[in-house]
Every structure is written in C-alpha cells, then in structure tokens.
Amino acid sequence: MKHIKTYIILSLFYGNAPILCMQQQKAQNYITECKTINEEYQSRWKKLIKSTTEDNAAEKMEQSQKELQLHRRHISNEKKIVLFTLKTRYQIHDKVWDTALQIVSELKKYNKKTRLSLSGGAVHDPKMPGSFLAMLKSELVKNGHNPASINLFVTENGCEQTKNGIIQYSLSEGVLSIERKDYGHIGISCFDLKHNYADIPFQKGRCLRLIKWMQKLGIRAIYGALESLVVEDIPPVSIPKKEFTVLNAFDQKKSLYEIALEDKQGAECIKKWCSQVWSEGTEVEDYRRFSDICFHWQSYSWLKKYFSNNYHCIPLALKVKCGDITAVTNLLKSGMVVTQHMIDDEKHDESEVKKLLQEAHKAQRCCICFEHPEDMRDVPCVQRHTGDFMCRKCYKHLDIQQSGCPICERALSSYNSAR
Ligand SMILES: [Zn+2]
Ligand SMILES: [Zn+2]
C-alpha cells in the first residue's frame, strides 16, 4: 500500500517519469539478455564446427534449410491469423479482400524493384512517404535525373525550392510530371498528396490514394488498399486509430523477420541492429529468434563452402575447365563421376564438353538407390567396377557395410578414400 502511494505521488510530481524509468529498465534488461544470447551463439557455433565431418555435413546443411523454412512458415502463419481477424471483424467481402491483397502484392513488387535499381547515396527526407518517393524516383529517371544525386525534402508551404535552381513539379489527371531546371536539392510539398481526388479516374486515383495512405508496405497497405476500394464500392469502414497503431507495430516487427529470412546478409544486419537498439514491441524472444535465423544462414553457407565439393570428381573437373575433350572422354569411360555443379559451371551451353557431361550425368546412377545425388562416387571397392556408382547415403547404411560390395561382396573401403 505504501509503495502504491509513493508511486502516485511521484507520478504527480514527475509526470511521465516512472514510465520512462520502466522503459529504461526494460531496455537495459533487453540489452543484457542480448549479450547472453550472443555468447550462446558463439558456443553453439564452436560446437557446430567441432562436430561437422564430411559424413554429416549434408544432413546438417539440410537441417539448416529446414529450420529456416520453419521460421518462414511460423511468420506467415502469424500474419495470416492477424489478417483473418481483420477480415472477420470488419466483415469484408471476399471479392474486395482479394482485390486488396492483389494490389498490395503488386505494390510490394514495384517497391522492391524500384529500391533495388535506385539505391543511391543521397539522403532523402524521412518525412516523405517511402512509396511516393519510389514513384517520384522513377519519374525522375524517366526525366533524365539521377535520384541518387538529388536531395529530396518536404517543404511546408508547397513551394518548389531548390539550392541550385528550380524544379517544377505538378500533378494533373493523377500523373506526376516534373520539369527539370537544374540539379540539386528539391523541395516537395506533401500537402499535394492530401488533396481530394474525387474527380480523378478511379485507377489513377487509387494509386495516388495508396501513396498517401502507405508510409510502409505491409498490413498498413491492406488498410490503404481497402480504404480506396471501400470509398469506391461500399460505404466507408472506420478503423479505430488505436488498432491501426497496434497493427502497425506488428507489421514493423514482421517486416524485420521478412528481411532476416530473405538472405544471410539481411539476417546479420537485423541481428546486429537489434542487439544494439531496443524499441518497444521487440522482446528478448524476438532477438532469440533473429539469432537463431542468423545461425542457420551462417551454418548453411559455411557448410556449403567447405563440404559441398565432391573430391572424387576433381581430375575430371580440371580437364573440363581446360576444355580437353579427349581427356574428358577418357575419364568418363574410366567411370569418373559427374556432378550437376560441374555441368552448371560450364558456361558455354552449346559446347561438346557440356553435352558429354550431360549425357554421362543422365546415365550415371547409384547402384543401390538408382538416383544421382551430388555426393556420389565410383563404388569404393578394391575391384574397380568401371561405371558403377554408390552415393554416400547408401554407403552409410549398415547393411551395405556388413554385406560388402554389392557387386563382388568384397569388403568396401572408406567412402572418402581415393581411387
Ligand atoms: Zn544411393
Ligand atoms: Zn566390388
């Protein structure tokens, strides 16, 4: 009771101070926990390196990919649940909903493409809506500008102000046009984006409304798309602001996961950023998940680099590189294994060597499972059976090791032994 009283009095005196303290405490705990997770990561990594052998590398690689896939499924399920709740709560018709989803996916593609092709060095005003910026950049390119050399910023009054000249920027019939006077700094009033576009044809207007609505693509974009559809077709649905904020936070977190799951570099960046910055909504559990995602990317790429070479085909691979058809033919005749990797490495699609390799690859198969996995070799037997192969998976079967060579029943040598 005494504690509660003290808290109330403190709140009266310091306003938001107790809340701030609580947040600071939360942030501190988070950062400390992250450090522990990082230490766990290091020891897990050491363990992986120690425990990996040629025999289990392929399984471990497969396992890493499976784990990443599980993370992906998890994220997409969480997203589906949130979207479904939204659809049910506002009783949105299937047709409207599907169209909205389609628009969002198209815009996502557009946004990604634009970002990829137009990543430059200029620092643009963060107040400017991202997707609007993307469209603007694309317009700039069409008009012969390099957006990477132009600093775009938001002005209050709608004037076009530049450092080294004037840029005339106008919107008519929903089409954005820019008249170039000089390079430099361009000021744009985002006020224009708030105009009422009731008289603009629906398709064009929708696009612009979406730009206005979308600060970020994702679930918020669904709202934007719905809003524009709703305005056209059915009476407007009012969405409570509080819910919008909650969904936005959810969406931001999910987009972090999506970046981390896209590639190794993304995962590393997100992990690093999250280990140093705490933002409300990011829990220790999230960091643990980012760390796990990062681990699987890293182990996959490490395993692939050091354990996906098939050492039994190196002499052939060398001759292929030299383009020595006679040597390649002889090695294939003597029963040397071909890998898909080797075929893919041969860049000239029409070359004789490539054709030879492809034919041989088709013909070669493991004498036990009748498949052609990458990790396959000539049967590791003292009696060299030309043209007979065995894969590592089948070799590892106890029955095979006990009964010996499937052709002559002699004891098999080690799978890793040279010919
Ligand atoms: Zn096999
Ligand atoms: Zn044999």
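**Exercise 1. Work out which way the crossing of α3 and α10 is handed, and describe the packing.**

Step 1: the crossing is left-handed, meaning that the near helix is turned anticlockwise from the far one by less than a right angle. Helices here are DSSP runs (H or I, at least four residues) and strands are E runs of at least two, numbered from the N terminus. This is a predicted model, where local features need pLDDT of at least 70 and side-chain atom pairs count only at pLDDT 80 or more, while totals for chains, interfaces and linings use all residues. Residues are numbered from 1 along each chain as its sequence is written, with chains lettered from A and ligands numbered from 1 in the order in which they are written.

Step 2: α3 (residues 57-89) and α10 (residues 284-307) pack at about 150°, with axes 9 Å apart; axes are lines fitted to C-alpha atoms over the stretch in contact, and angles run from 0 to 180 degrees between N-to-C directions. That makes α3 roughly antiparallel to α10, a label for angles over 145 degrees.

Step 3: look for contacts (C-beta atoms, placed from the backbone, within 7 Å). Contributors from α3 include Met61, Leu68 and His71, and those from α10 include Ile293, Tyr300 and Phe307.

**Exercise 2. Find the buried side of α12 and say what it packs against.**

Step 1: pick out Val328, Leu331 and Leu332, which are buried (20 or more other C-beta atoms within 10 Å of the residue's own; exposed means 12 or fewer, partly exposed in between).

Step 2: these three cover an arc of only 100° around the axis, so they sit on the same side of α12. The arc is taken from the directions from the helix axis to the C-beta atoms.

Step 3: The buried residues pack against α11 and α14.

Step 4: just after α12, Gly335 takes a positive phi of about 90°.

**Exercise 3. Locate Phe370 and Glu409, and decide whether each is buried or exposed.**

Step 1: Phe370 lies in the loop between α14 and β5 (376-378), with phi near 60°, a positive value in a residue other than glycine. Phe370 has 8 C-beta neighbours inside 10 Å, so it counts as exposed.

Step 2: Glu409 lies in the segment after α16 (398-403), and its phi is near 65°. Glu409 counts as exposed because it has 11 C-beta neighbours inside 10 Å.

Definitions and conventions: Two residues are in contact if their C-beta atoms, placed from the backbone, lie within 7 Å. Angles under 35 degrees count as roughly parallel, over 145 as roughly antiparallel, 65 to 115 as roughly perpendicular and the rest as oblique.
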